[in-house]
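Let's take a friendly look at a protein model together.

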Amino acid sequence: METIAAHTTVHTEHTTSHDDHDHHHEASWLETYVFCQDHKTIAKQFLITGMFWGVVGGLLSVIFRMQLGWPNETFPILETFFGRWAEGGKISNEFYYSLVTMHGTILVFFVLTGGLSGTFANLLIPYQIGARDMASGFMNMLSYWFFFAASVVMFSSFFIQTGAASGGWTAYPPINGIRDLAVNKGSGLGFDLWILAMALFIVSSLLGGLNYVATVLNLRTKGMTMMRLPLTIWAFMFTAVLGILSFPALLAAVSLLEFDRLLGTSFYLNQIIINGNLLDYKGGSPVLFQHLFWFLGHPEVYIIILPAMGIVSEVLSVHARKPIFGYRAMVVSIMAIVIISFLVWAHHMFVTGLNPNLAAVFVLFTLLIAVPSAIKVFNWIGTIWRGSLRLNPPMLFAIGFVSMFISGGLTGLMLGNSAIDIQLHDTYFVVAHFHIVMGVAAFFGMFAGVYHWFPRMYGRFMNDTLGYIHFYITLIGGYAIFFPMHFMTGLPRRYYAFSNFETFSNFDSLVVFISIAAIIVFLAQILFIVNFFYSIFKGRKVEGEYANPWGGTTLEWTAPVARIHGNWPGEIPSVHRWPYDYSVNGKEYITQDVPLAPGEVEHK
Amino acid sequence: MKEDDYIKKLKSTTEYTGVHPKRFALWLGMASMTMFFAALTSALILKKGDYKVWENFKLPVSFMYSTVAIVLVSVIMHFSYIAYKKAKFAAFRWLLFLGFLLGIGFLLLQYFGWAALNSIGKPITGNISGQFIYLISSLHGFHIVVGLIVTFIFLIFAFRARKDEAFEFKNIANPSRLLHMELLVTFWHFIDIVWIYLYLFFYYNYI
């Protein structure tokens, strides 16, 4: 009875197969490409929206890097585009803070959460567990459209008179707690829109997350036990669990903030003096916000990095033609990371006057989380050790991910110690750490995924040559941007200019070097975008009706290249083995739906 | 391929294990909402502990009435669901309607509660202890509004089906709608329990 119930939302129109480029399918164009409930289309919607945001967020960083690199120069072109925000071609300090704030918000939430998780969880969960679609296609569609609405609201805040939010992506009160434009122009309407956009974004990520977990736990095909799931699926499921349990804390945090701003409560505000006037707020504490914010904020970095880890595990194994090293250890590490990530939030708050005894606990858990992370790194290296590596773009990006994750992770150990962190807090050392470990690394995971599953998404390959150029510029450029930052001892982050500080003048040439590298890396990403859209229409086609271009073992490669609603035309394949059967029984690889040969022992 | 064939195919190949995915998704959603209210109430505990200006006061009696109201909503919704299950659609309709009205009543009582708070010198801009009641009860009220909207959509279907048998067959007398009704009732029970928790939480934190 309830089986029927689960699928009444399925559209009959979608049961016919569609050609990807058939834009003249008039009857249901809207349902096919816009309000679509098919997981594959929703994945592409997330990916392309994420790419749009990636370009916007990256461009913002280019603009503020221009200010940082050449604080005394003027760029008349900026005035052409931004008018009074860059009068005389010089970025105003308010605009600078908006750029920094929005850069952080966009990349953390809209690109690396919405774009990364939204794309690959949607694309791969039904394909790899052997399901026709998500548990609720309707909720999945809503998830995208809430994301879209959040995007529209966030983007619109660039175009209002007082400008976009400018109080930092972490939205700390008291600066963001008062709608007083004398304090900070971005504290006005721009920040209200920021909160609205984030609330919509949280709803989107919850709707998506509920679906991902319910689908993985309840809609697996016959024989697909949990220990036969590819690591991608484990990663996406636990990412969703993290989101479900931690995003509500952010929603609570910004609810209190908006109450303070609009209704005059004082949850975060206490005895504020502006222009000599004591405001009427009493009893609040800004540190309360930091607790609530980082209760999401820290799991958030794992929401970003876990999907990338899952993708990288899969890509490394496929292109090394070797089983993943230590499958169980990988699964257990993911679980450990998820649990510990809820117990480390106050390591962002060592300088708030936190009780040192309490800080010790958070130091302990922070350092503990290095253990599962290191296990994963060892296992990735173990996977490619003595493999027959195919060094194509997805594989290179996956290896690049491991490199970045190690480089950024090591500085995490330093920052995790409160004694060292108090010295380094709010300096470029921190900027270097988190950009390498969760910014560049997560991007590498995302690129690996796009290059790897592009044939699955569009039935074509991306151009390899452009891919190689993209990879090498991004890898070298990524290190060129962030590695020098480790040595800019004491240089405070978020500053508009350092010209007034004699002590920092010896970093001048380094700052220029970083700015040049940042601009080059941004331009290299344009190559990727061009490659992506060019390949959708003109890329080399995948040959055959049931092609498995990389020789992968997971179920998505057993589905026909033509994308049809329901994924498989006949019965869903049932699963007989684990997802990493490479080089067994004298075969290069065996897909999961192939029954065990007589006498063959299943890998446990 | 017709929809029927499609569903048959789904049934033959996709077997969900144990719990229905939609029911499971609702449970996860409830876990998420629990985290939301846990975050809010722990913020209160934190504030109460670290600030000396915290003022205790007696909760307005209106909140007690609203607690009774929401318990009634829950009970009535449950009976409505049972009637639905037994295909007693008339009873289902009217009970659902009654539940809907009481839900609105709950919100009104919350509003009276805020008015009473205001009149005893605890306006929203006043002492931080009072501010938390406005905050948490209005955020809870937002969940009630969502519940009411979904209930209202159900009501439209239920009353349209009264004179239109074909419509009734398609939109009421089918297992998928029954599941949706079950999920709706579960949601009402959940926000009911959340409010009881919040009421007791306020009650014991403000004396």
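Here is a short briefing, grouped by topic.

This is a predicted model, in which local features need pLDDT of at least 70, side-chain atom pairs count only at pLDDT 80 or more, and totals for chains, interfaces and linings use all residues. Residues are numbered from 1 along each chain as its sequence is written, while chains are lettered from A and ligands numbered from 1 in the order in which they are written.

**Two domains in chain A**
- An automatic or database domain assignment gives chain A domain 1 (319-493 + 521-537) and domain 2 (542-604).
- The centres of these two domains of chain A, taken over C-alpha atoms, are 30 Å apart.
- Twelve residues of domain 1 of chain A and nine residues of domain 2 of chain A take part in the contact (two residues are in contact if their C-beta atoms, placed from the backbone, lie within 7 Å).
- On the domain 1 side, helix H15 (residues 428-458) of chain A gives the largest share, three residues (helices are DSSP runs of H or I, at least four residues, and strands are runs of E, at least two, numbered from the N terminus).

**One residue in chain A**
- A:Leu30 sits in helix H2 (residues 29-34) of chain A.
- A:Leu30 is exposed because 10 other C-beta atoms lie within 10 Å (exposed means 12 or fewer, buried means 20 or more, and partly exposed is in between, with C-beta atoms placed from the backbone).

**Chain B**
- Chain B has seven helices and zero strands.
- Of the 207 residues in chain B, 37% are buried.
- The C-alpha trace of chain B spans about 70 × 40 × 25 Å along its principal axes.
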